[in-house]
Amino acid sequence: VTALAAGGGFVFSAGGDGALFAWERRTMRLAATVVPPHALAAAAGSSSVPALRALCVVGGHLVAAGDEATLLRWELPGFAPAAPMVGHDETVAALAGSEAHGRVFSASADTLVIAWAVGSGALLGRMEGHRQPVTALATSSTALFSGSADRSVREWGLKSLKPLRSLHEPELFMTVYSLACAGQWAVSGSGDLRLWRGGEMHQQ
C-alpha cells in the first residue's frame, strides 16, 4: 500500500499495482475497486503499471496521482471518472486539499507545486521555489506547506498561492518526507520531527 485517504464515507487505499480500493468506513468492507485508465492499458499488455503514490478526497472527488504524473479524478460516491488534470512532467509524490477553497494541490519531482480547482480540473497556478523534488504537502486553514528534498519547508498563501516564507535549516534537515498541520502549528518529518509556528522552529 503506497497511499491512503478517507472521505465521503470511505477509506481509500492504493498500491504499486495501480489499482484503487474503496472500503466502507464503518464496516471496512470492500465497497468498490476503481481501476485507473493506465492500469487498464497495462492489463491489456501495452505497458507496465505506473504506481499510485498519493490520494486526496476533497470537494466531492477522489484524486489520485503517482508515477504517471497525471492527476486522476472520480466523483463521489458513485466513482464516475472525471477529466484528468495534466500539468506535471514527473512523478507526483503528494496531494493535499482545501475543502473551503475547493482546491487540490499536487507536489512533484519536477520541483513544482500546482494548485487545481477540483471541481473543474482547471490549473490555477504553479508554485515555484523548491530546487529539488517536492515530497510532502499539508494545508492549514490559511496556508499550504510544502516539503522537499532540498531540505526546506515552504509556506504559501492558500488562496493567493504566493510564497510567505521558507523554513530552511540545512545543518538539521534531511529530505522532508511528511507534513501535518494542526491549528497554527506545522509538523515536519525528515530524520526526526520538527514543530513550527510563525516560521520559527519551536521543538526538535
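1. Strands E11 and E12 form a hairpin with five residues between them, and Gly121 in the turn has a positive phi of about 80 degrees. The two strands, E11 at residues 113–117 and E12 at residues 123–127, pair in the antiparallel sense over four bridges, and Ala115 has Gly125 in E12 as its bridge partner. Strands here are DSSP runs (E, at least two residues) numbered from the N terminus, and two of them pair if DSSP finds at least two bridges between them.

2. This is a predicted model, in which local features need pLDDT of at least 70 and side-chain atom pairs count only at pLDDT 80 or more, while totals for chains, interfaces and linings use all residues. Residues are numbered from 1 along each chain as its sequence is written, and side-chain values use heavy atoms, with hydrogens and water left out.

3. An open sheet is formed by four strands in the order E1-E2-E3-E4, with antiparallel pairing. Its edge strands are E1 (3–7) and E4 (30–34), each of which pairs on one side only. Within this sheet, E3 (residues 20–24) is joined to E4 by four bridges, and Phe21 has Thr33 in E4 as its bridge partner.

4. Gly60 lies in the loop between strand E5 (52–58) and strand E6 (61–66). Gly60 is partly exposed, with a relative accessible area of 40%, a class that runs between buried (under 20%) and exposed (over 50%), using a 1.4 Å probe and protein chains only.

5. Gly60 and Gly119 are 59 residues apart in sequence, and their C-alpha atoms are 8.1 Å apart in space.
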